[in-house]
Amino acid sequence: MLKIYNSLTRALAEFVPLRPHEVRMYVCGMTVYDYCHLGHARVLVVFDMVRRWLRASGYRVLYVRNITDIDDKIIRRAQENGEPIEALTARFIEAMNEDAAALGVEPPDEEPRATQYVAQMIDMIARLEKSGLAYRANDGDVNFAVRRFPRYGRLSGKSLDALRAGERVEVAAAKRDPLDFVLWKHAKAGEPAWPSPWGEGRPGWHIECSAMSCALLGTHFDIHGGGQDLQFPHHENEIAQSEGANGPAFVNVWMHNGFVRVDEEKMSKSLGNFFTVRDILQHFDAEVVRFFILRAHYRSPLNYSDQSMLDAKQALTRLYTALKDVPAGPAAVDWNAPYAQRFKKAMDDDFGTPEAVAVLFELANEINRGEIALAPALRVLGGVLGLLQRDPRAFLQAEASEGGLAAEAIDALIAERAAVRKARDFARADAIRRELESAGVVLEDGPSGTTWRRG
């Protein structure tokens, strides 16, 4: 049985969906004012993997991943650029979709945008106000009264007195308590605004996900996911809002992927170690990036460096090399076979991708020893993780970085090498091999001729 670590209970437990054979899952998506960075990529890939394994396990999955298209940072960036907010967000939504597709991330079943659900947000705020959990402050904002919600702090595991206002929570004089957070912001000049019972304004950030998730998945659903940085205050506030408005049950299982670090330091713009997905894809194949993310357990820290990416590239190359001389055939796997059982056991243990990837290498080793019949199983199990679905030679010969030799130039040098070897000019043949090796191209001579891959 599948077991998942629940951030709310801080324990691993057997997963039992609320509805038989059906999983409803919500994941906090992107705030679209800039390009996606590696931290965003990890969220996209991790929960794409989670959905793939749930489906492979026989569940129908309804996956919702939102887009925040109204936010302080969006407004500020649009003003800095001198462009309409709609143009800014449309551009970065398109860029996000391009990055996700490159990483092999399948689109969610629903992708709501915050601006489409303002009416539902207003309705939820009104219910919170009616129950005494929300109040209108002197500055015109509507705030959530944290100390009136007794269960606040369960997700972070801290008492109210130990908690502090989070990064995106403004501590204003109009608040009754520093931990109170804004549900509705009063209108400011030059900012988008919607009509409401409290006057013109716009929703706070936290209320967006509560309204969208409940509207599309119901007020009580199975899994809510996101990055570890969202656990407090965003997800803590989601619980308070949703349960305060709808009742004591909101989400059964909370999942959080670990932080991304760069050379053992937390990735941040202030440290200058901030990498967008597009930056990384200039130097590394997108499937290598996906493999790099999945070879680590989703809850563990992920350390990015050029060396770690090169290691991932070499490892994925080993898997594709095992498939390169195997004729394409029907994809199949015997799930009762020992290797498939080991794969399943790993994935059922809180999505243990490191152990599952180890099974892929076991299969690759067997194929290299002549067990060609295992090749379809390697492709199928790789496909469960969104890997190994390309033509092996296309991957092995792919040009991921700028400045590399084009395939046509490589083929021409190989042809020249064959000609000079036939003429017994071995010095020139060796020089060509060295030239190609210096360009990162590995030659493999065999009975049927010379093939090549990028090293």
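Let's start with the cysteines: a search of the whole structure turns up 0 disulfides, a disulfide being a pair of cysteine sulfur atoms within 2.5 Å. Cys 28 is in no disulfide, and the nearest cysteine sulfur, that of Cys 209, lies 3.7 Å away. Keep in mind that this is a predicted model, where local features need pLDDT of at least 70 and side-chain atom pairs count only at pLDDT 80 or more, while totals for chains, interfaces and linings use all residues. Residues are numbered from 1 along each chain as its sequence is written, and side-chain values use heavy atoms, leaving out hydrogens and water.

Cys 28 counts as buried because its relative accessibility is 5%; buried means under 20% relative accessible area, with a 1.4 Å probe and protein chains only. Cys 214 is buried too, at 12%.

Now turn to two helices, which are DSSP runs of H or I with at least four residues, numbered from the N terminus. H9 (residues 306-323) and H11 (residues 353-368) pack at about 40 degrees with their axes 9 Å apart. Axes are lines fitted to C-alpha atoms over the stretch in contact, and angles run from 0 to 180 degrees between N-to-C directions. Why are H9 and H11 called oblique to each other? Angles under 35 degrees count as roughly parallel, over 145 as roughly antiparallel and 65 to 115 as roughly perpendicular, so the rest are oblique, and H9 and H11 are therefore oblique.

Where they meet, with heavy atoms within 4.5 Å, H9 residues including Ala 315 and Leu 319 face H11 residues including Leu 360 and Phe 361.

Notes: Buried means under 20% relative accessible area, exposed over 50%, partly exposed in between (1.4 Å probe, protein chains only).
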